[in-house]
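Biologist: I would like to learn how to read a model like this one. Could you take me through it feature by feature?

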Amino acid sequence: MTLRESAPRHIPWSEPTALQIVHAHLGEQGPLLPVLHALQETFGYVDPLAIALVANVLNLSRADVYGVFSFYSDFRSTPPGELRVQVCRGEACQSVGGRALAEHATSSLGVDFGATTTDGSVTLDEVFCLGNCALGPSVAVNGQLRGRVGADEFDRLVHPGTSNIGFA
Amino acid sequence: MTTVFVPRDSAARSVGADEVAAAIETLATQRGASVEIVRNGSRGMMWLEPLVEVVTAKGRVAYGPVTPGDVADLFAAGFLDGNPHGLSQGLTDQIPWLAEQDRLTFRRVGLVDPLSTEDYQAHDGLIALRRALTMTPGQICDEVTESGLRGRGGAGFPTGVKWRTVLDASGPSKFVVCNADEGDSGTFADRMLMEGDPFMLIEAMIIAGIAVGGREGFIYIRSEYPDAVATMRAAIQRAYEAGWLGPEVLGSEHQFDLKIRVGAGAYICGEETAMLESIEGRRGMVRAKPPLPAIEGLFGKPTAINNVLSLASVTVLLTHGATFYRDFGVGRSRGTQVFQLAGNVARGGIVETAFGITLGEMIDRFAGGTASGRPVRAVQVGGPLGAYLPPAQFDLPLDYEAFVNAGAMVGHGGIVVFDDTVDMAAQARFAMEFCAAESCGKCTPCRVGAVRGVEVIDKIIAGQDTAANVVLLEELCDLMAEGSLCAMGGLTPLPVRSVLRHFADDLDQPKGVHP
């Protein structure tokens, strides 16, 4: 299996589906974060149209919902690339070449952190620690952790056609 | 039938444990060997991952680090009988690195099938909870206090005192919250415990509920730990099915319900009041204290907030008694700490040992120096808010007070090693940069101070008016330390000042050049 095949399946934005998701969380205490997570898991992002919809159902102001959405770096307002690549920038990874890997990642993909490649294949994100600090530099691809990632391994993981998941 | 253990821990998987497990399964089928593969937690010897263990008459024999390409060779050598091979590490329990530790909180991690309730009980699981059910809440709080246990998240506040405050707070509704937002770089013990022994945390949460009079708990796990989230969710499901959670905990009159909340990429949510805001569905903005969360916490109710390792330690001390636990450690740092050796180390991983071991012993004896083979130049202890220490300070004992007195902190026990290629000016700059990126923005010293800090360090690095700017940086550190609302702005000066104190040469000289 390639990492590309492992990509989460997202569906296009749909208001009825979004409403169902919000309603499914109505019984929870403090439902806003679980709602935003569920919307993003379903659609791959939180559509700007969802802000008013969520505010309406949860009886919050749009400012409240947008304020929470924009505070947390996980939530995005546009569809992600096929691969979400998170490169660890924490100190433990820095100590084993993490800074060089971060530079390689942006130059290899031709995008800055937080951006998606123009062909929509890869979203590059920075992350401060993936909890793999004895096996750095670490990268997560669609949530799957990879350790001891050098420049070559990074390219193998992210570039189309070469991104085989295996270690063999 | 031979039982073979291949870890499911995400660190082991990050270097190929899934592929190794698949290769063993395929080859076993081809060769007609009867093999049961159990996906355990990690033993915490990360340089040996993926570590494969085979159950033999003599005990568990370890092989590592195994690649899928090694598997055929292992079969040929007869690894299913524990026979020698180039990757053989001998009996796991006799590997000196492991044998020299005091594995109390981590005693089951790597040993058991994390999601087996039977395995859990066969390895002393539920003894603490059954004992707690025979005690009054006050007795539990007292025993925790007697053990000397202090918060393992970093602040080091006595756990029993915190629980007593919640117990004494009035109100029918109280909460128990587990802080599993392990955001510090260099730390991964909470993750490994959740992935490797999730029932221990569940048991501890139930005990905390009984001790403080709470019937509901939340575990707040960072989103960067999807495997831990999945394992905890599955374990909670099984705990409900087994009657450990729910309206009648183990058939008693105690009710306890447990939910998972997933963070969303904000380091500050590891600060307890920001975490409460996040669970309530708001921006992770720090609250002013008082009121203490123990009095007015989640949804305004009295709330006990504890780190994963503090909670896990409670099951240890209730299983073996407060005295047993207190007999480990030194001074006011009692029990064991789960240290995490990380960064540029030859042998990284989990070292659980009594407080009091020196930093140098940890680096030389356990870490075995750097992975690069170059000399150690700096060690950051306690995460991004912890100090950088030079080898000249390696005689410091790892205990809360000794570290505070040296202008450092033990924190959550993360130890990140750097070799002599490190540019300490860049590390000081990063401390401010990280604070600027992750500040919640509520208080000015942190929000603005961190940005100014980056600017001043840039000027120092560029050689602009160096002496005056170093004075300015010191003053800024004073302001942030004294004026910030929480530890984010309050402790960011710690790594910065440690660079000024121990590695000043790096700030005076052009980038990348140091003696």
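**Charges, folds and strands**

Modeller: Chain A carries 10 positive and 17 negative side chains, and the centres of the two sets lie 4 Å apart. Lys and Arg count as positive, Asp and Glu as negative; His and the chain ends are not counted. Each charge is placed at NZ of Lys, CZ of Arg, CG of Asp or CD of Glu.

Biologist: What ground rules apply?

Modeller: This is a predicted model: local features need pLDDT of at least 70, side-chain atom pairs count only at pLDDT 80 or more, and totals for chains, interfaces and linings use all residues. Residues are numbered from 1 along each chain as its sequence is written, chains are lettered from A and ligands numbered from 1 in the order in which they are written, and side-chain values use heavy atoms, leaving out hydrogens and water.

Biologist: How many helices and strands does chain A have?

Modeller: Both are DSSP runs, numbered from the N terminus: helices are H or I of at least four residues, strands are E of at least two. Chain A has seven helices and five strands. Along the sequence the pattern is α-α-α-α-β-α-α-β-β-β-β-α.

Biologist: What share of chain A is buried?

Modeller: Buried means under 20% relative accessible area, with a 1.4 Å probe and protein chains only. Of the 168 residues in chain A, 55% are buried. Take strand β3 (residues 122–127) of chain A: five of its six residues are buried, so it is largely enclosed by the rest of the structure.

Biologist: Which strands pair with β3(A)?

Modeller: Two strands pair if DSSP finds at least two bridges between them. Strand β1 (residues 83–88) of chain A runs parallel to β3(A), joined by six bridges. There, A:Q86 has A:D125 as its bridge partner. Strand β2 (residues 115–116) of chain A runs antiparallel to β3(A), with two bridges. Here A:A115 is partnered by A:L124. The β2(A)–β3(A) hairpin has five residues between the strands, and A:G120 takes a positive phi near 75°.

Biologist: And in chain B, what is the strand order of the sheet?

Modeller: The open sheet of five strands reads β2-β1-β3-β4-β5 (chain B), with mixed pairing. β2 (35–38) and β5 (88–91) of chain B stand at the edges with a single partner strand each, so one side of each has no neighbour in the sheet.

Biologist: How do β3 and β4 of chain B pair?

Modeller: Strands β3 (residues 52–56) and β4 (residues 59–63) of chain B are antiparallel over five bridges. In β4(B), B:R60 is the bridge partner of B:V55.

Terms used. Buried < 20%, exposed > 50% of the residue type's maximum accessible area, 1.4 Å probe, protein only.
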